[in-house]
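What lines the pockets of this protein, and how are its nonpolar residues grouped?

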Amino acid sequence: MLVAADKFKGSLTAVEVAERVTAGLRRVLPDLEVEALPVADGGDGTVAAAVAAGFQRREVRVAGPLGDDVTAAFALREGTAVVEMAEASGLQRLPAGVFAPLTASTYGSGELLLAALDAGARTIVFGVGGSATTDGGAGMLSALGARFLDAAGEPVPPGGGGLAELATADLSGLDPRLAGVELILASDVDNPLTGPKGAPAVYGPQKGASPEDVAALDAALAHFAKVLQGPAGPQAAEYAASPGAGAAGGIGYGALLLGARFRPGIEVMLDVLGFGPALDRAGLVITGEGSLDEQTLHGKAPAGVAAAARAADKDVVAVCGRLALPPQTLGRAGFRRAYPLTDAEPDVAKCIAEAGPILERVAERIARDFLT
């Protein structure tokens with residue numbers, strides 16, 4: 001039995017989901033062998049999933065999205081680092097109710113990458129998602145040694161809004177160690193940098209951007225990519241149109257400029273976490289996340305787990321807080337069945353507040369349906 005679920009956002013971490021499912025299964029079958037492998041798709045929770053899989057947690061003080069110091073973590077094992085940009089530059093790093101769509105910076109994410117280099121990482125999995133920022137990765141590149149100057153030769157202000165003042169870009173000071181590292185951009189987002197499907201238009205409103213802010217950010221990021229054609233050549237424009245460039249407020253673009261290879265986040269994380277060998281040992285796989293819906297089918301962790309399990313001819317069932325997919329769609333995606341908490345407790349507020357005990361009851365049902 002393998003439990004490979006993502007978090008129930010706002011209720012349970014991926015580790016807690018695995019613990020509760022295991023407890024419920026063992027109420028029915030006390031001697032059941034259960035292997036827990038919490039998963040993530042590159043967004044928030046990615047470092048925690050890596051640590052649960054045996055990576056060492058490392059902490060470092062870096063700049064938060066507003067420039068104040070925060071303690072952020074990355075994970076390290078045998079030369080491979082898992083770095084989660086949200087640890088430094090995520091929405092959770094903003095004070096409650098505060099947004100800074102024009103000024104929030106990814107500088108701290110660059111500091112996290114530096115810390116991974118200092119720790120001896122030769123491969124860096126850069127999980128991006130949940131960002132508070134829309135600066136195209138300019139802050140991250142600055143932390144790594146790039147310089148972005150206005151017409152007076154002064155550094156442009158932090159954040160995407162400040163890029164409107166960019167006159168010259170200098171990438172010659174980038175940390176030389178980056179050239180010897182395999183950098184993998186892990187994301188479930190394949191948006192380009194700008195335009196109707198770009199980072200500002202699609203994700204800016206989630207970060208507090210007004211329609212005017214969205215327009216300003218889109219123009220500033222387009223200008224950023226144009227100026228970068230000086231030091232980076234025509235590739236700067238190609239990268240801006242590439243899938244993943246718009247991930248996490250455009251930090252994907254900055255990563256592509258560093259030579260990163262874009263891969264779907266869940267595929268990368270399943271490789272890194274050792275999902276393949278765990279799947280070989282399993283008879284049944286339980287996966288899931290807070291809401292099983294159309295978004296799940298577009299690169300989210302449960303869909304990746306189901307696809308891999310189906311390829312290995314293993315049965316997969318899902319647990320979730322809320323289910324918004326019909327049985328036929330679930331079947332096409334590789335799920336035998338889904339068990340929402342709302343089946344056990346119709347009160348949604350109670351499901352959120354008491355997700356752990358209710359999930360244990362749901363796991364008991366799975367044990368009776370599939371294992372007895």
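**Pockets, cores and a helix**

At least two residues of the lining of the second largest pocket come from helix 5 (138–143), and at least two from strand 7 (147–149); helices (H or I, at least four residues) and strands (E, at least two) are DSSP runs, numbered from the N terminus. This is a predicted model, in which local features need pLDDT of at least 70 and side-chain atom pairs count only at pLDDT 80 or more, while totals for chains, interfaces and linings use all residues. Residues are numbered from 1 along each chain as its sequence is written, and side-chain values use heavy atoms, with hydrogens and water left out.

A pocket is found on a 1 Å grid over the protein atoms alone, as an open set of points where a 1.4 Å probe fits, with protein on both sides within 12 Å along at least five of seven lines; lining residues have an atom within 4 Å of a point. The second largest pocket has a volume of about 270 Å³, taken as the space filled by probe spheres set on the points, which are joined across faces, edges and corners. Its lining has 22 residues, with Ser105, Tyr107, Gly139, Ser142 and Pro158 nearest the centre.

The largest pocket holds about 990 Å³ of space. It is lined by 35 residues, of which Asp41, Asp188, Val189, Gln295 and Lys300 are the closest to its centre. Helix 10, strand 10 (261–264) and strand 11 (284–292) are the elements that give two or more residues to this lining.

Ile124, Phe126, Phe148 and Tyr253 touch the most other members among its 55 residues. Apart from this core lies another, of 39 residues, including Leu37 and Ala338.

Helix 17 (residues 355–370) has 16 residues and should span 22 Å at 1.5 Å a residue, which agrees with its end C-alpha atoms being 22 Å apart; the expected span is 1.5 Å times one less than the number of residues. Among its buried residues are Ile358, Leu359, Glu360 and Glu364. The buried residues of helix 17 pack against elements including helix 1 (14–28), strand 11 and strand 12 (315–323), contact being heavy atoms within 4.5 Å.

Conventions. A nonpolar core is a set of buried Ala, Val, Leu, Ile, Met, Phe, Trp, Tyr and Cys residues joined through side-chain atoms within 4.5 Å. Buried means under 20% relative accessible area, exposed over 50%, partly exposed in between (1.4 Å probe, protein chains only).
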